[in-house]
Amino acid sequence: MSEQNYDIVILGGGSGGYAAALRAVQLGFTVGLVEKDKVGGTCLHRGCIPTKALLHAAEIADNSRESAKFGVRSVFEGIDIAAVTKYRESIVATKFKGLQGLVKSKGITVIEGEGRLVAPNTVQVGDDRIVGKNVILATGSYSRSLPGLEIGGRVITSEQALELDFVPKKVAVLGGGVIGVEFASVWKSFGADVTIIEALPHLVPNEEESVSKQLERAFRKRGIAYKLGVRFQGVTQHDDGVVVTLENGETVEAELLLVAVGRGPLTQGLGYEETGITMDRGFVITDERLATNIPGVYAVGDIVPGLQLAHRGFAQGIFVAEEIAGLNPILVEDVNIPKVTYCEPEVASIGYTEARAAEKFGADQVSSYEYNLAGNGKSHILETSGSVKVVRVKDGPVVGVHMIGARVGELIGEAQLAVNWEAYPEDIAPFIHAHPTQNEALGEAFLKLAGKPLHVA
């Protein structure tokens, strides 16, 4: 048995883990990064990047179908799933190669193998003990299921959905959150019939209600079916497909059932509880500075309760490296982390919904404006409908921005600056938004809340 010693040992090489490693070596620390699979984690290999590659292929498919209205003659002949897979895998492979090179060039030691926390300062990998003055837990998440719903056969998770070598004719999607609506969007563009089953009253239920309703209208227009406010009861499989039974007695027949009911913390069997770390339903409990109850042990990413987003884990990794270095980094609350759902149309948001802002600040202290993209030139050119809604405290800062429409994810940068810098609409109104861009829609909303609307009443 050998022992390796580092300033910081990181268990998990996903978005949170490798970001912590890169920032830590910048700050002069030695780092041992333990990873049982591939650096980059779920986001790079089974999540964000490959799914967005599929969504881009889906966008191309839709564009080719609709090209005649723009005066471009093309023929949509179908989906070559083998070619789509090659494209998707090439994106992932290129990003992975680049990340490997970056990690190596920075002098980070990657320890390949399954690690287990055996002491507050020690991770065991096989016969080797990896000892750190500080330890960062960054083991990520897995695709959840529901009690009694077993994954297998024609009941699949997003990981298996990515690897399909065919386009299903008919799919049922259990869960109308981010993962569910993104795969539903892809499959519809690829030619499948899709039905989403969501127990809550709306699709993307964590978003502003008006945005959820607009997404439902857009999906209905696209021919994506959904059943809202009804719970899953059971599923049976047969040679040709599945029959999904709902609690209200309805059934949905499909070729496959995608289970997209969220992700759980990947912590079981890794020695966290045995080492004395406070846990709750599998999550690692930390203070607001991401420190666990064990001195010198921190946690980042999906194993920490809150939003499960790759960029949250990435930012938390940087935060903890700087915290260990004594730099007292700025804390960004979960509510002020940008969220983007990359279905068609896209959904992007940051900050408080109007309802939550009313709860926090008082209903009489909150105002909002929702700008319809029908008035935006670039959105008209793109033939997208949707809106940009800005929520502010009266005579105070912008506390929320909520958007729906093609490509609105690209607008979230300005939105997050406005919210996190606590800008007033009056502060932003004088700044110039290039024309014609969708960004002007944000500008119009800020102008309205600043009391000087131009294109709106």
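Helices here are DSSP runs of H or I with at least four residues, and strands are runs of E with at least two, both numbered from the N terminus. What I am showing is a predicted model, in which local features need pLDDT of at least 70 and side-chain atom pairs count only at pLDDT 80 or more, while totals for chains, interfaces and linings use all residues. Residues are numbered from 1 along each chain as its sequence is written, and side-chain values use heavy atoms, with hydrogens and water left out.

A cavity is a set of points, on a 1 Å grid over the protein atoms alone, where a 1.4 Å probe fits but cannot get out, and lining residues have an atom within 4 Å of a point; grid points are joined across faces, edges and corners, and a volume is the space filled by probe spheres set on the points. There are two cavities of 30 Å³ or more. The largest holds about 110 Å³, and of its 15 lining residues, Leu54, Ile81, Ala161, Leu162 and Leu164 are the closest to its centre. Helix H4 (81-105), helix H5 (158-162) and helix H6 (178-190) each contribute at least two residues to that lining. With Ala, Val, Leu, Ile, Met, Phe, Trp, Tyr, Cys and Pro counted as nonpolar, Asp, Glu, Lys and Arg as charged, and the others, Gly among them, as polar, the lining of the largest cavity divides into 13 nonpolar residues, one polar and one charged. The second largest cavity, at about 40 Å³, has a lining of four nonpolar, three polar and two charged residues, including Arg144 and Arg263.

In one of them, Lys52 pairs with Glu182, with the closest N and O atoms 2.9 Å apart; because Lys52 lies in helix H3 (residues 48-66) and Glu182 in helix H6, the pair ties together parts that are 130 residues apart in sequence. Taking buried as under 20% relative accessible area, exposed as over 50% and partly exposed as in between, with a 1.4 Å probe and protein chains only, Glu182 is buried at 6%, whereas Lys52 is partly exposed at 27%.

A second pair, Arg392 and Glu426, meets at 3.0 Å, N to O, and it links strand S23 (residues 387-393) to helix H12 (residues 425-428). Here Arg392 is buried at 4%, and Glu426 is partly exposed at 37%.

How values were computed: 1 Å grid on protein atoms, 1.4 Å probe; cavity = no way out; pocket = protein on both sides within 12 Å on 5 of 7 lines; lining within 4 Å. Salt bridge = Lys/Arg side-chain N within 4 Å of Asp/Glu carboxyl O.
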